[in-house]
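Visitor: I would like a close look at a single part of this model. Please keep to what can be computed from the atoms.

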Amino acid sequence: MVIVDKFGVHRLEVRCCDCPNAMSPDIQMFRHRFFPASFNRPKTVFTFRVLDDFLLDSLECSISVMNYYSKLRRMTLSMFPHLVPDRYRELMRVARQWRQLKTMKWHGFGHRSDNLTGELALFCPACPQPGINVLLSEDESLDDWKYTRSFVMDGNFKAKHLHPIKPFDEVWLSDGLGFMVGKNRYKMHLAEAADTVEKSSCNNHRAVNQANAARHKLESTGIGGVACARHGCFVPHSMVDFQKGERQMNMDYALCEASQHNMEGITRAVTFYDINCQYNKHFRVQVDRSQFLEMALQLTIIPGIGLWHIHGHQDSCYVRYASNFIEGIGRIDGEIMETLWARLNLISPAARGMSSPHRKECLDYQMNDSKFCKMIRMKRTLCRKYKLARNGISESGKAFDRLDEAAPAHLKTEWLARERIAQSSRVNDPAAMDEYEINIKKAPSKKEIELRLLEEGNARNAAPSRRSVAMWISTGLAIEEAQIAMLIETQRLDIARQCDRLQGQIDGFTRSALTHLGEGFDADDEPDDLNVDILDDLDDDLADFTETSHTWTNSPKLTVIPLPSNLGDLIPLEMSLREGQANDALHNLRIYLCNKAILFRTTVRQAKSQALKTRAWSQVTSVQQVVSLHASIYTKTRKQMMKLEPGQDQLQKYKPLLREQLKISTAVGDPNARFDLRGPDQSTHPKFTESIGFGQRHYGIDGGKK
């Protein structure tokens, strides 16, 4: 008889007891911890030890049956492993039986054939399950927010499956008893469900666009399912196979099966899904139409999108679906499903060519083990999270109290009323959550102001010379910006080329000035000096903060442009365009200062070698040059506005730009960071702060060198 053990394959003489009252040979083998490959006249047996070792290797090392038995053959006879008896097929069959027996034993089942769906799968012990871990007092109800179930849904296209070679010869040992759904009812649902294609009202999401992408060589293109969003435990009997892409009919079945697992009496569930803004539109309609989809009528589904995927959606989706705005959900990212696929993907390549029942048994076993590992570590994890949450409550409470004290009482009453309306209406109308949207009126840009002035000139039927004056002044402002950019440029060849091109633009602009400024304009008059303040916060020397350059003849980068602020005509038009130019400069400062903060956070601090640090600082320097350019443009624009005699409102709005205001913190890249919004001093630039958002945040980035 061939005996396969953990340390090799052995051929030994074995005789079973032939006494009249002796047990059958297979039972005798089991009594001696041998698993026979067949039950009638067995010729090969496997020790319990080798079967346990294979199951553990398949979980931790993702080893296949073929590779494992090849290892045993080499351990038996390293020089001639091909001479060792080949029992690969027997091991594959016995391993399936052993896995099934162990799973039934762990879940407390013996010789039963009436198991219910999902009974051989573990579930999250921390999620509320009435009758299991929820015992209500007289004054409590399952309607309370703390009994809300949270689900996360996702698909995995690495768990592919080829068409089986002999589908008629397949033996199902645990169909629908684990995490994978039962095949018969699921197939009937797919046959009945209508496959509708609807144009996305959000961005072009791949999950939507590739929902009907067929793969003819594959029986299954992947799997999808549901897990609890807070603890990351797969829900029993909620994992489905994809036949094409990630279609709604597949995910509908998974969610409905998940909603029936130990949820009797629960009235509220939050679902996180990458494309929930599209998926949730017709979910209830699909459930009502199908005879294979069941969901409790009293269960309210609140849709959400994970905090990572939400930034791939339109801006309006953030307040409607981000977990930060879902009442009672706590701090949760809704992306834990991505971490669960990592362990499952270890076994997916080996399961690609298995028979359908064998593949589902392997996936069920892997998911069960993942859940078991979470259970034995859950106490430590929950205790750590509890301590963090307790400290967070204290810090958040202090910040909220400060905000609450500063807000007027009548506004707080109004805000609470609007919040209640938004939260109560969000299920039927997600747009009701737009109450949380930041309502900041963006300052008009130079192009918008120029368009308005041109339209006003056309509406008044002004003379041709007056209609085009706004466009002419805008061209002059663009030339001024090019002059400032040239003062910052360091490459001599580029400077020479730009000087030649800029001189031609200045000549053309000066010739056209006679049309708009009248015959009193003389291009040969000597204008005032052009002073440009170049702002650079990379330098530590305060004396280098302002660099003044004087005009000389034949220098296009220092030639004074004949604009009304330099010559005293057409002042209202130029003032309007100057405001747009200042707004553009402040907006660009916001963008590039935030970009600089992100570079420090993700590139400079992460660089481990000198080469990476050099490249990182080169990127920072490039961004800082752009910051200096727009800061200089704003300073020049404001200086010219002062010549146009601005009003008090404009003086209050466009204040001098200080060096300290060009600093920004890496905290802008962390939405959960806590810091003082006031900055090191109390002097703020209203327009600049409005433009860059939290422009006064200071942490540790002092310019570029620290």
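At what relative accessibility does D241 stand, and does that count as buried or exposed?

Guide: This is a predicted model. D241 has 11% relative accessibility and counts as buried, because the cut-off for buried is under 20%. Its partner in a salt bridge is R359, with 3.0 Å between the closest N and O atoms. R359 is buried as well, at a relative accessible area of 2%. The two residues come from distant parts of the chain, 118 residues apart: D241 belongs to strand β9, R359 to helix α12 (residues 356–406).

Five strands make up an open sheet with mixed pairing, in the order β9-β8-β5-β10-β11. Strand β9 (240–242) is an edge strand, as is β11 (300–304), each pairing on one side only. From one strand to the next, the twist averages 25 degrees. Within the sheet, β5 (residues 149–156) and β8 (residues 222–228) run antiparallel and are joined by six bridges. In this pairing N156 stands opposite I223 of β8.

For context, the whole structure holds 15 salt bridges. Among them is the pair of E481 and K446, whose closest N and O atoms are 3.8 Å apart. This pair also links distant parts of the chain, with E481 in helix α16 (residues 469–488) and K446 in helix α14 (residues 446–459), 35 residues apart. Here K446 is buried at 11%, whereas E481 is partly exposed at 25% relative accessibility.

Technical notes:
Residues numbered from 1 in each chain as written. Predicted model: local features only at pLDDT ≥ 70, side-chain atom pairs only at ≥ 80, totals over all residues. Heavy atoms only, no water. Pairing = 2+ DSSP bridges. Helix = DSSP H or I, 4+ residues; strand = E, 2+ residues; numbered from the N terminus. Axes fitted to C-alpha atoms, helices over the stretch in contact; angles between N-to-C directions. Salt bridge = Lys/Arg side-chain N within 4 Å of Asp/Glu carboxyl O. Buried < 20%, exposed > 50% of the residue type's maximum accessible area, 1.4 Å probe, protein only.
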